[in-house]
Amino acid sequence: MMTLLLGLLALSGLCALLALLLEAANTVFADYGPCQVSINEGAKEFTVKGGGRLLSTLMDHGLFIPSACGGRGSCGLCKVKVLEGAGPILPTETPYMSEEELRNGIRLSCQVRIRRNIRIEIPEAFFLIKEYRTQVISLKPLTPFIKEVHLKLLEPSEIVFKPGQFIQFQVPEYPGSSEPVYRAYSIASPARLKTEIKLVITRVERGIATTYVHNFLKEGDEVLINGPYGDFYLRHSDRYMIMIGTGSGLAPLMSILYQMADEHIDRPCTLYFGVKSRKDLFYQDEIQELLQKLPRLRYVPVLSDPLPEDHWDGETGYVTDAVARDVTDGSQMEAYLCGNPLMINAAVKLLTAKGVTEDRIFFDKFG
Ligand SMILES: Cc1cc2nc3c(=O)[nH]c(=O)nc-3n(C[C@H](O)[C@H](O)[C@H](O)COP(=O)(O)OP(=O)(O)OC[C@H]3O[C@@H](n4cnc5c(N)ncnc54)[C@H](O)[C@@H]3O)c2cc1C
Ligand code: FES
């Protein structure tokens, strides 16, 4: 048994090494000559040196495709329809594809290399996604692990987005990364403020982008962002809303709540905010102001590990425990979830068991 296991391990190691070598050889030696990229039956066309990845090639030509993992093949968002010219589908793509998508030529653009002329089709809405030059107005610690990054838009000077959406933040080359990388961050500020945006960024141990933001980024620095992206936004209905955020997952929920206050959308809504202890709670004054403006909003902070000095007499446990205690019949409810994937998986399971139908549960997983 042990020999078989060792053999399998060695084989998969060899396969990974071969894949790496192939990739390296492809980058260094392969010459595919000029290739033509044609989008939406010629609505946009350009010629590129073959060998590059479709997602980054499109970005280089001002076309931004939704992507939350910066091209690592782990978010499944960067789908485009390839009519002609992509090679066979890769094992890295198939986990993100439905049977129908596979039949229709849908591909992950970050995994497709341009090796010959290629024809693709993208939704018109993607033409509206732009790159913005921005400047850091302020960097504010909100908790020991979370920073608010306040950006002023320089060029273009205004952004139009739906509250709940996210942008991609470009981390330039710095001592922690030998090349620029992109990461997704939800917009935490109101959509009425078009000339500036706020992001709320949690430090991740050894994380490329968050180490840059927490240790290297300074006020006055210029940052490139692109967007807006995503289909996490307020649906119009009268249903009772459940909002659940953990940590920086509060960001897009704040933007949605500002929208509700600005547009006088007075729906019954409970906001559950899950963190470890009192020092991890943030935007408490802002939430109090929203409670004044939205009479049917209820706020439930939930601490999973309150400290003795917190003198906490509010809800404790996982944030989903508090939801489980409150909700008896979810059949008329709608839910908006944002934060770490474990919380979201647990919340979806809980809410569906309480009767909230899956088509009424909207979420952005941060991971
Ligand atoms: C739609 C969307 C919106 C997002 N919005 C926000 C936001 O508003 N605020 C925010 O802080 N983040 C947000 N994220 C997460 C963000 O995009 C990055 O994944 C995160 O900041 C880590 O990036 P990094 O480069 O520092 O870490 P990486 O260098 O990408 O990762 C380093 C290591 O840490 C692991 N890791 C990654 N993220 C986490 C995590 N959260 N906790 C623990 N381990 C982790 C990775 O698996 C990897 O092993 C969002 C993600 C998505 C998909
Ligand atoms: S950009 Fe995330 S899978 Fe392609």
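I will take the ligand site, then the cysteines, and then some individual residues and backbone features.

Please keep in mind that this is a predicted model, in which local features need pLDDT of at least 70 and side-chain atom pairs count only at pLDDT 80 or more, while totals for chains, interfaces and linings use all residues. Residues are numbered from 1 along each chain as its sequence is written, chains are lettered from A and ligands numbered from 1 in the order in which they are written, and side-chain values use heavy atoms, with hydrogens and water left out.

Let me start with the ligand. How many residues surround ligand 1? There are 19 of them, the closest being Arg183, Ala184, Tyr185, Ala209 and Thr210, where a residue is taken as near if one of its heavy atoms lies within 4 Å of the molecule. The shell divides into 10 nonpolar, 5 polar and 4 charged residues; in this scheme Ala, Val, Leu, Ile, Met, Phe, Trp, Tyr, Cys and Pro are nonpolar, Asp, Glu, Lys and Arg are charged, and the others, Gly among them, are polar.

Several polar contacts can be picked out, a polar contact being a pair of N or O atoms within 3.5 Å; within protein, one must be able to donate a hydrogen and the other to accept it, and residues adjacent in sequence count only if both atoms are side-chain atoms. A polar side-chain atom of Arg72 is 2.9 Å from an oxygen atom of ligand 1, and a polar backbone atom of Ile208 also lies 2.9 Å from an oxygen atom of the ligand. Val200, for its part, places a backbone N or O atom 2.8 Å from a nitrogen atom of ligand 1. Taken alone, ligand 1 exposes 930 Å², and the protein buries 70% of that, with areas from the Shrake-Rupley method and a 1.4 Å probe, where for residues only the protein chains shown count as cover.

Which elements give two or more residues to this shell? They are β9 (181-186), β10 (196-202), α4 (208-216) and β17 (361-365), and β9 gives the most, with 4 residues. Helices (H or I, at least four residues) and strands (E, at least two) are DSSP runs numbered from the N terminus.

Now the cysteines. With a disulfide defined as a pair of cysteine sulfur atoms within 2.5 Å, the count comes to 0. Cys269 is in no disulfide, and the nearest cysteine sulfur, that of Cys338, is 14 Å away. Cys269 counts as buried because its relative accessibility is 1%, and Cys338 counts as buried because its value is 0%.

Leaving aside neighbours within four places in sequence, its contacts include Ala191, Phe232, Tyr233 and Leu234.

I will finish with the backbone. Most residues other than glycine have a negative phi, and most peptide bonds are trans. Against that background, a cis peptide bond joins Glu155 and Pro156, with omega about -15 degrees, and Pro156 lies in the loop between β7 and β8. Another cis bond joins Gly227 and Pro228, with omega about -5 degrees, and Pro228 belongs to strand β11 (residues 222-229).

Two residues other than glycine have a positive phi: Asn40, near 50 degrees, and Arg206, about 60 degrees.

Methods: Buried means under 20% relative accessible area, exposed over 50%, partly exposed in between (1.4 Å probe, protein chains only). Contact means heavy atoms within 4.5 Å.
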